[in-house]
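Please view the sequence and the structure before reading on.

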Amino acid sequence: MLRFALSTLRTRRSLFVGSLAAVALALLLLAAAGVLLESALRDHDEADRFAAAPVVVAGNPELGLDGRDHPPGLGDPEAAAVPRPLVPADLVERIGALDGVAAAVPDLAFHAQPIGSDGRPAGPARGARSLGHAWSSAEVTPFTLSEGEAPRGARDVVLDAATARRGGLRPGDEVTVLTGAEGRGAYRVSGVASAERGLTEEQGALFFSDATARRLAPPGDLVNAVAVFPAPGTDPARLADRIREAVDAGPRIEVLTDSRATEVSEGDLRLLDTIVFVVSMGSLAVFVALFVMASGFAFATAQRHREFALLRVVGATPGQIRRMLAWETLLVAVFGGALAVPAGAALAEPLARGLVRIGVAPEGLDVVVGPWPLVGAAGCGVLVTQLAALAAAHRAARVRPAEALAEAAAPARLLPVSRALVGLAFLAFTALFVLFGVTLGGLAGSGLAFGGVLTLLVATALLAPVLTRPLIPPLGLVIRLLARRTGRLALANSVTGVRRVAAATVPIVLMTGFTVAALFMQTTQQSVAAEWAGERLVASHVLLPEDAVGLPPALAGEAARLPGVATASATTTAWLRAAVHNDEAESVPIPALGVDERVGEVLDLRVREGELRGVAAGDAVAVSDEQAGEYGWRVGDTMRLRFPDGTERELAIGARYDHSLGFADLLVPAALVLDHSPDPLLDAVYLVAAPDADTERLRAGLDELTRRWPTATVADRAAVERAGAEDAVTETWPAYLFGVLTAAFTALALANTQVMATLARSEEFATLRLAGATRRDVLALTAWESALVGACGLLLGGAVATVALAGSSLALTGAVRVAGPPGYALAVALGAFALTLASALLPAWRTQLGTTRTRRKDTAHDATV
């Protein structure tokens, strides 16, 4: 069978070129994604604020309300954003007294934003975190003075070198520093410190005297972490075990020997984004490759029915037919892997650099090409090709010897029963996805309903002959009106060759239906979030952070005193631990929005049940419709919460509201958040102008306010809507990129299918020429048939996208609404249609060129004779 397979590949190269290109492209992406995934999972020499400390004692962010450790699931994208809770300050003395401890250094970290000499925030190059510390903790990185002197007075501050350079500040300069505890503070730059590592590219570092840092840090006897330095000759791992025994805090306290695990940096978050991206890219490559190759192999097998018939007549068994096809697909995978896997390994480095440039991957990502990603990609290529050919091989091997020649001569039934049943099953799965998604509702339900697009694509591919058949006559009538002679023949050929038309439409369905639906789902969510943000806004003016993670609470007081302001309300966000009522967890970390008693005057929260009076009074919370359904929260129940400083409270659920996309899923009293958060900052300050306010005077007051507080900007309604859209869906470029990848796969499949179908009709075209048809007539016939194929594919692809988007939006909003760039959808449709025409006309033109040359030779021969 191997000899037969090699012979087939040599003599029928056109049948396998498309499949070879598809598997090569898939393995190229898989190899590159595998190398990047392994590189991202390796240890990296990332910037680390605790790099000099062999042992670090910190709080456990995964501690449940039951006092046990609850690690997050692999699919939890927000787990890395949960900050570590603070630890008691008395641990410093207890740990410092242990044998083998040379020093125990407390670490304080709080928001401290310097204002540069140009009046703008002097933030880090990437991100917006700028933190203040006590000078005594500079050794944990370490930071060392490069200019000036250490902070000694209450108004002295040392800046890291990168912040000083970006802010145009030098020792002796006066600098304004914005903090949560003090608001605006005037300080003198006493020195500039440098770190040996690139930490200051991601977060600014300001160092104050120990007394000043304690005043600016959160109140209470708490510290962010304790850095432990072992005595000479002491093993850090054994010292860590000794500290665990001495602390005896159970899972509440973690003793870490890997300092990089102490806090999540901007690089760590980008590393997670990189992992998500490459896994998504690899998964998409596998799915699309399997989809298009299964369609291509099925069509190629149908083209070879006469060959299989003859093999069966001369004694070939069904098992031999299957083995021959298995060898053919194996050889395709081997040839494709030999070409694509090394190229994928080479592609990993430029792909990583591209991800770094667009801010997805961290600067410190080192690409390491190991053997396992390459072996895994090659093995995956073999598996995908074998699965893709499985159904086609089963179909080819089912032919009985007595029926072989009859089946080869006559067209097979439109759709085998087994294929129809499997197609209907996938159609039922699609209906279940949509039904359960709409029932669940919210963002989770929207994603579940959209998941049905994959099963719907498979169902459409399996049922394509049945779905295409009723589309051909009405589309054929249009073609007949445009071209009477060739149009009539194109319609007749399409009606009798439904399976050929259906095979060619499948790649078009994938190219148009999936790529448009994937992008439009995200743009629809952004549109909905922006619309809801605008509907929610009652305030006339909004102050939002700019080049900063938040606004100091003192800003809200100044804004409320502006002339013409009738009402001012501020919101603040903190990560809380909330008890839930489901089978998956006993509690979950959730970002809660702190609101004050005036929130109802500045925001319309669309309360569906209960009222916000308890939230304003400080003894209740409000929950979103979506999270209430997911976590079993009901109005009137009691919710147990743990705040960032470890304080636990039980509050009543006083209200339930909807339209939370891009907003918040849990509202708590702002006073509790401010009192029990280590470093509270404001997300926004909402202002309502008095009816008789002087608009110009109010605007001038806001301009002066933002000059004094450069990290604040006045946002109009459009800016608030944009912020809501960004909170709902941060980036849409992956959808564009994945759309391009899908289009590349399907273009190969479509070209392969059209080329095979056209070349297989060489005899038919020759017969037409003998009957008097010109080359122009044959090309026109091919063009009209391809146009009909393209139209069928676009209609079915549009139907797939419509069903997926309708189910997704119905789950999200309760109504069918779709938003997206029409130019993108038009470009995809025109590209698919043009590719359909080109992939059929080019081989048809070549066959006709060959026919013309043959006729000329025959004419010359006859003349000679």
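This is a predicted model: local features need pLDDT of at least 70, side-chain atom pairs count only at pLDDT 80 or more; totals for chains, interfaces and linings use all residues.

Residues are numbered from 1 along each chain as its sequence is written, and side-chain values use heavy atoms, without hydrogens and water.

Helices are DSSP runs of H or I with at least four residues, numbered from the N terminus. Axes are lines fitted to C-alpha atoms over the stretch in contact, and angles between N-to-C directions run from 0 to 180 degrees.

| Helix pair | Angle | Axis distance |
|---|---|---|
| α13 (residues 442-450) and α28 (residues 775-813) | about 165° | 7 Å |
| α14 (residues 452-462) and α28 | about 155° | 10 Å |

Helices α13 and α28 are therefore roughly antiparallel (angle over 145 degrees). Their crossing is right-handed, meaning that the near helix is turned clockwise from the far one by less than a right angle. On α13, the contact (heavy atoms within 4.5 Å) involves Gly-442, Leu-443, Gly-445, Ser-446, Ala-449 and Phe-450, and on α28 it involves Ala-804, Gly-807, Ser-808, Ala-811 and Leu-812. This contact of α13 with α28 comprises 6 nonpolar, 5 polar and no charged residues; Gly counts as polar, and Ala, Leu, Val and Phe are among the nonpolar residues, whereas Asp, Glu, Lys and Arg count as charged.

Helix α14 is likewise roughly antiparallel to α28, and the crossing of α14 with α28 is right-handed. Here Val-453, Leu-456, Leu-457 and Thr-460 of α14 meet Val-800, Val-803 and Ala-804 of α28. The contact of α14 with α28 has 6 nonpolar residues, 1 polar and no charged.

Technical notes: Helices (H or I, at least four residues) and strands (E, at least two) are DSSP runs, numbered from the N terminus. Angles under 35 degrees count as roughly parallel, over 145 as roughly antiparallel, 65 to 115 as roughly perpendicular and the rest as oblique.
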